[in-house]
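Subject: Structure handover

Hello,

Here is the structure for you to look over. My notes follow below it.

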Amino acid sequence: MTGGLRQRMAWLHTWVGLWVCWLAFAIFLTGTLSVFVDPISDWMRPEQVQEPAAAPFAGPLDHTQQLQHGLKYLEQHAANSKMWELWPRAGKDEFQVFWLNDKGYYADAHLSTATGAALPEQASAVRDTLGGQHFVEFHHALHAGTTGLWIVGAASAAMLVALISGVITHKRIFKDFFTFRPAKGQRSWLDAHNLAGVLSLPFLFMIVYSGLAISWSTYMPAIPWAQELRTGETANVREYGPQSKPSGRPGVLTSLNPLVHIAEATFHSPAYAVVVNHPGDAAMTVEVYSTTSPDTQDGNLLSKRGVMKFDGVTGALRETEMPHRAPPNGARATMAMLDELHRLHFAGAVIRWIYFVAGMAGTMMMATGAVLFMVKRRQKSLNEFGAGTPRVYRIIDVLNVATVAGLSLACIGFLWSNRLLPHDLVERHEWEVAAFFGVWLTALLHAAVRPRAQAWREQLWAGSVLCVLLPLLNVLTTGQHVLAYLAQRDIERAAVELTAIAIGALLATAALRVGAAGARKTASATAMTKAVL
């Protein structure tokens with residue numbers, strides 16, 4: 001690291017960006033796809049019938065039968081639990097109840113509305129799949145639990161360093177926004193990198209920082225440890241269980257139906273959940289939560305549910321928190337805002353498409369940055385690694401192909417596996433994830449044994465073909481197709497296939513450009529050979 005500030009930042013941007021770009025690309029690409037987690041999940045469950053749109057709320061609903069059956073079941077099967085939770089669903093043939101078991105974790109049962117009997121688990125007609133949640137899990141923790149979350153956190157912190165150093169390095173950052181010179185070799189790659197970076201810069205800062213912030217309890221474990229030492233309760237109980245303390249004296253639970261009616265009339269929405277804390281104790285409380293959705297946001301950023309808290313014995317109202325309101329504590333309000341901006345619980349279609357385009361621009365910035373490094377080094381190597389420099393450059397080339405083209409191939413391969421794997425396969429969702437990693441590993445091996453340009457071209461073409469043929473695969477395996485989706489106004493499933501076709505076209509364009517560049521290079525080499533001869 002030598003020279004002035006900009007030269008030092010350029011060095012930092014280059015090397016931090018290089019070593020983190022492959023992982024950051026994977027995190028960003030799957031995170032961008034996660035924007036449409038629900039449409040992808042719906043497409044991957046073709047047997048699932050779409051629920052009709054809920055009717056506008058007209059007034060409090062009758063949950064008497066479900067609440068009575070639910071309480072009776074919980075009294076029989078979870079009498080000693082610290083918490084009961086009922087999910088009443090008016091007009092449905094079944095509903096769910098939950099309770100905390102002896103270890104502080106949730107247990108649940110599906111009950112019949114008519115009889116209150118626990119319903120046996122039945123083989124579902126809907127295929128077993130993670131759906132779009134696969135991309136969420138990979139983006140969040142690489143399917144590796146806490147270890148993966150730490151890896152993603154380290155990559156995100158490095159990404160922030162690369163972003164800040166990149167801004168310092170590019171003194172003409174606003175001019176770069178309007179500059180792109182195609183077919184100029186290294187200059188074109190740099191222009192594409194700058195253009196994508198400037199276009200998505202505010203989004204990148206927000207999404208990377210918020211991703212780090214919302215996982216603070218993992219990255220700063222001393223805080224929850226200190227709270228556990230102070231309260232004597234494990235984290236999962238403190239997080240999901242009652243925060244109040246029991247009195248140790250018996251109490252009789254008040255009727256729940258009037259409390260639910262009051263909450264529904266206050267929130268102007270059906271009750272989502274009814275929670276009884278410390279049932280059977282004189283200090284028990286009842287909490288009634290409202291239903292929220294992007295359709296009921298009314299321009300509010302926070303998707304937080306409303307809750308009314310009642311005395312469990314007398315039924316007296318203790319506290320009301322209206323939906324979509326920020327917590328009174330400034331730090332918690334800030335964290336809630338960052339969480340919403342990152343997870344998009346509040347967002348409708350327009351905002352999700354904005355996130356998708358910005359995410360794709362950020363992903364392209366990382367891809368072009370990785371390619372730009374090797375374009376520059378092929379023209380003029382700096383011999384950074386001594387005698388091992390050619391081998392390191394080869395490894396970087398392989399990782400570039402396997403990450404950019406290979407991961408794209410793995411993502412579309414994941415969707416293909418959803419249609420090709422047997423419907424009754426045990427742990428079928430795990431096989432889909434295995435297919436994703438299997439395709440990605442195959443892409444890595446392919447990039448390692450094939451010449452660079454050919455590996456790029458072949459993997460880009462493979463990804464393009466799989467994307468474009470996805471609708472045909474759907475027709476052959478399920479009989480469903482885009483026109484039928486559109487006729488049924490199932491816009492989300494139709495959009496999955498139409499977007500796949502669009503991405504396939506982009507991959508085909510990239511493959512053609514790689515082929516054209518290779519042809520020009522071959523022609524130039526041939527001309528030079530003839531000139532020498």
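What share of the contacts in the protein chain with a separation of 6 or more comes from residues 24 or more positions apart? The figure is 67%. Contact here means heavy atoms within 4.5 Å.

Ground rules. This is a predicted model, where local features need pLDDT of at least 70, side-chain atom pairs count only at pLDDT 80 or more, and totals for chains, interfaces and linings use all residues. Residues are numbered from 1 along each chain as its sequence is written, and side-chain values use heavy atoms, with hydrogens and water left out.

Confidence. pLDDT is the predictor's confidence in each residue, from 0 to 100. The protein chain has a mean of 86, with 87% of its residues at 70 or more. Where pLDDT is low, the predicted coordinates should not be read in detail.

Overall make-up. The protein chain has 19 helices and 7 strands. These are DSSP runs numbered from the N terminus: helices are H or I, at least four residues, and strands are E, at least two. Of the 533 residues, 45% are buried. Buried means under 20% relative accessible area, exposed over 50%, partly exposed in between (1.4 Å probe, protein chains only).

Arg493. This residue lies in helix H19 (residues 491-532). Arg493 counts as buried because its relative accessibility is 5%. A polar atom of its side chain lies 2.9 Å from the backbone oxygen of Arg45. Beyond neighbours within four places in sequence, Arg493 is in contact with several residues, among them Asp42, Trp43, Pro46 and Tyr485.

Gln454. This one sits in helix H16 (residues 452-468). At 28% relative accessibility, Gln454 is partly exposed. Its C-alpha atom is 8.7 Å from that of Val514, 60 residues apart along the chain.

Helix H12 (residues 330-343). At 1.5 Å a residue, its 14 residues should span 20 Å, and the end C-alpha atoms are 20 Å apart, so the two agree. The expected span is 1.5 Å times one less than the number of residues. Its buried residues are Ala333, Leu338, Glu340 and His342. Asn329 caps the N-terminal end, with a side-chain oxygen 2.9 Å from the backbone nitrogen of Ala331. After H12 comes Leu344, whose phi is positive, near 65°.

Best wishes

Key:
Polar contact = N/O pair within 3.5 Å; in protein donor to acceptor, adjacent residues only side chain to side chain.
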